[in-house]
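Hi everyone, thanks for coming.

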Amino acid sequence: MNTSRSTTSYAKTNAEKVNFNAIPAPSNYVAGLGRGATGFTTRSDIGPARTALDMPSQLNEGGGGGSKKEEEEKKEADQKFDEFLGNDAGMFATGDYGEDDKEADEIWASIDSHMDERRRERREARLKAEIEKYRAENPKITEQFADLKRKLGEVSSEEWEAIPEIGDYTIKNKKVMQSFVPVPDTLLAKAAMEKQLDTTAAAGGLETPSTSATPVNQDLTAVGEGRGTVLSLKLDNMADSVSGQTVVDPKGYLTDLKSMKITSDAEISDIKKARLLLKSVIGTNPKHGPGWIAAARLEELAGKLSTARSLIQQGVERCPTSEDVWLECSRLQTPENAKAVLARGVAALPNSVKLWVQASRLEADDAARARVLRKALERIPTSVRLWKAAVELASEDDARILLSRAVECCPQHVELWLALARLETYENARKVLNKAREAVPTDPAIWITAAKLEEANGNEKMVDKIVTRAIKSLRNHGVVIDRDYWLKEAENSEKAKPPSLATCRAIVRAVVEIGVDVEDRKRTWKADAEESLKRGAVETARAILAFMLEVFPTRKGIWRRAAQLEKAHGGREALDDLLRRAVNHCPTATVLWLMAAKEKWLAGDVNAARKILQEAFTSNPGSEEIYLAAFKLEFENAEPERARTILEKARNEEASSTERVWMKSAIVERSLGNSAGERALLEEGLKKFPGAWKVWMMLGQLEERTGNTAAARSAYARGRGHCLHSVPLWTAAAALEERGDNTGRARAMLEQARLKNPGSDALWLAAICTEQRGGNTKAAEVLLAKALQDCPSSGRLWAEAVAM
């Protein structure tokens, strides 16, 4: 029962099965597209060259004719397409692009450029890193074989010659097929004709045809030989036929060569173009003077001087009011003709200063030049340039007269007033400067000149008054006082010939406070003094420091700076006076007392130095520096007893009983040969200062000098106990052991010192030197290697490594 039912179902399925191979494929079907088999496309895949019909309506219409309304809509959409906005342009096609839209677009563009600028550095850094990474991962062949190429430099010539020749073994066993074909006679004849040198040039082509019926052939070889013959004939004519010597002037020949202008075709073409352009300029605007000047200079550049003169002459006729055209015309003429041109020019332009000055320059002597300038001043009495030129050519008396007239015609020109004041006597100069101040009340140069005048005539008391009045008067007339300008004028007064030092100091005192805040006075004035000193203005710097000392009389730093300035650029008397005033204002400044005493000592006045130090003791009781300075003064001048007394007094005072005082006391005893006294002082000093490693070393050295090695060893041991980190104490103890032929103990001691003081290059170097002196070079090298690992930045160790 079940078997029959299944058989019936199977038959029914076979009957309903569809034959897909008989059904045509859809229009857009691509075979294998679902499984990715689209490697290539043929004509059979894409079908005919027509648009596929996708929509059923199109299939029904049979070819996609479409309705007329749809075609119009599509055409309108295509017309509304915008390249920037795309198909969205249709939405805004009816809107107007106004100023607001333009401003918005500019704002967005600026934002985009700003954001791009912010990311530019990061983008460039990333790009640079990517390029470096790519070059590191993909190096060039030359970089890959760079090390091998460097090694090629070490190959000797014998090794190069020993390299065998490779040769080509690939064609060793190949059979070469050779065939011989007879060449025709025509080919041989053609080859022979091609090897011949053709030295003729037939007239034809672009040349004008000859009137004769016979063609003209020019032999190029004959032309070259003819040129050589003509040149030899010219050279023979230039030579002397009797002696064979040349009659050509070499200098004149070189001059002729220099005068020849070799112009290329490109330059000629440029000149022609420029000539046409300038011709158009002067033709369209004949009243334009620069056009005539440019045309004339072009012809001058082209070597046509006569044409240039003719053009500029036309320019003078067309532009009679242009002084530049007149000047150019005179320049192109000969000197005599130039005078005539300028005479016509000043007649046409009587108020032209340039023409009058050029006319005076063309004259041969000073008298003629002065005559021309006087005529010019009659026409133009307000020209400062003409007055200056006339004064330069005149004598002193005539110059005084001319300047008197000049200041009347040009009262606002300060330079003329100052020049007149220099030529006048003292009384007249004062009057001239007073008139100048009335005429030009806002110019500071007049006041400064008046101050210099008073100083030059010995009236230095008036200098400060004049400068003070100058500042007040200029402020009343609304002039802003420029502090830097006045300080610059002070430096100029100092550097003048002769120098005006009083004026310099007065200017500094008057303006150094202007425009400076109270909090910044010290810093600003100190910087001003340093800058002036750098520019070589010593007196200006001295004046600034002197003013600072008046404002800050108790600042020892300013006194020291002033003393250094006097020591470097001043005299000894000025320095002594300055230091005397310094210690009076700063009696507790020991450095100033010491400087004063030292200057007296260097001058050879020991008694004066002692007196100064005695005063310093009074003002600074218990000062270690003053006690040591007094000790040094007596000790250096062979007065050991006085030095001993001074140090004994210093040891007895609590404030001055220091480590250095006890050391100096021991040195005095050692210089006197008193070993017992020296030992007693050192022992007593160590009781008060057990951490003074120098005193321990002096004690050990004392015991070593007296031959008591055990006591010296004990002194060094006790010193190391109190001064565990004193490297010189360790090295001195090791040196003592080494001198006693106990190198092993010295080595152990230095090793212990390195453990207590790690990173000390001095201890490493001492150990290395100990091994070297013991003849153990290998151990020294090992120690040096360890030392460089421990102290890689030690210069002494590296120097020792180089020496080894």
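Let's start with a quick one: in which helix is the place of W108? It's helix 5, which covers residues 99-137. Keep in mind throughout that this is a predicted model. Now, W108 is exposed, with a relative accessible area of 56%. Together with I107 and I111, W108 makes a nonpolar surface patch of about 310 Å².

While we're in this part of the chain, there's a record to mention. The unreviewed UniProt entry annotates residues 117-151 as a "coiled-coil region". In the model, that span is 89% helix and 0% strand, and its end C-alpha atoms lie 48 Å apart.

Okay, on to aromatic rings. How many aromatic pairs does the structure hold? There are 5. One of them is Y485 with W486, an edge-to-face pair with 6.3 Å from centre to centre and 85 degrees between the planes. Are these two buried or exposed? Y485 is partly exposed, at 31% relative accessible area, while W486 counts as buried at 3%.

Then take F617 and Y627. Their ring centres are 4.7 Å apart and the planes sit at 50 degrees, so we call this pair tilted. F617 is in helix 32 (residues 606-619) and Y627 is in helix 33 (residues 624-636), and the two are 10 residues apart. F617 is buried at 18% relative accessible area, and Y627 is buried too, at 3%. There's also an aromatic cluster, formed by W525, F547 and F552.

The charged end of R651 sits over the ring of W662, 5.3 Å from the ring centre. For R754 and W764, the charged end of the arginine sits over the ring at 4.4 Å from its centre.

Buried or exposed? L763 counts as buried, with 0% relative accessibility. L763 and T731 are 32 residues apart in sequence, but their C-alpha atoms are 7.0 Å apart in space.

Last topic: salt bridges. The count comes to 44, and I've picked out a few. In one of them, E300 pairs with R331, and the closest N and O atoms are 2.9 Å apart. E300 lies in helix 13 (residues 289-301) and R331 in helix 15 (residues 323-332), so this pair ties together parts 31 residues apart in sequence. Both ends are partly exposed: E300 at 32% and R331 at 43%. And E300 and R331 belong to a network of salt bridges that also links R297 and E328.

Another salt bridge is R400 with E424, where the closest N and O atoms are 4.0 Å apart. R400 is in helix 20 (residues 396-409), while E424 is in the loop between helix 21 (414-423) and helix 22 (426-439), 24 residues away. R400 is partly exposed, at 22%.

To finish, look at E678 and R705, a salt bridge with its closest N and O atoms 3.3 Å apart. E678 lies in helix 36 (residues 675-688) and R705 in helix 37 (residues 693-705), so the bridge ties together parts 27 residues apart in sequence. Which end is buried here? That would be E678, at 1% relative accessibility, whereas R705 is partly exposed at 48%.

How values were computed:
Residues are numbered from 1 along each chain as its sequence is written. This is a predicted model: local features need pLDDT of at least 70, side-chain atom pairs count only at pLDDT 80 or more; totals for chains, interfaces and linings use all residues. Side-chain values use heavy atoms; hydrogens and water are left out. UniProt positions are given in the numbering used here, feature names are shortened, and annotations may be inferred rather than shown by experiment. Helices (H or I, at least four residues) and strands (E, at least two) are DSSP runs, numbered from the N terminus. Rings of Phe, Tyr and Trp (its six-membered ring) pair if their centres lie within 6.5 Å; planes under 30 degrees apart count as stacked, over 60 as edge-to-face and the rest as tilted. Buried means under 20% relative accessible area, exposed over 50%, partly exposed in between (1.4 Å probe, protein chains only). A charge sits over a ring if NZ of Lys or CZ of Arg is within 6 Å of the ring centre and within 35 degrees of the ring normal. Patches are made of residues with over 30% relative accessible area and no salt bridge: like charges are joined within 9 Å, nonpolar side chains (Val, Leu, Ile, Met, Phe, Trp, Tyr) within 5 Å. Accessible areas come from the Shrake-Rupley method with a 1.4 Å probe; for residues, only the protein chains shown count as cover. A salt bridge is a side-chain nitrogen of Lys or Arg within 4 Å of a carboxyl oxygen of Asp or Glu.
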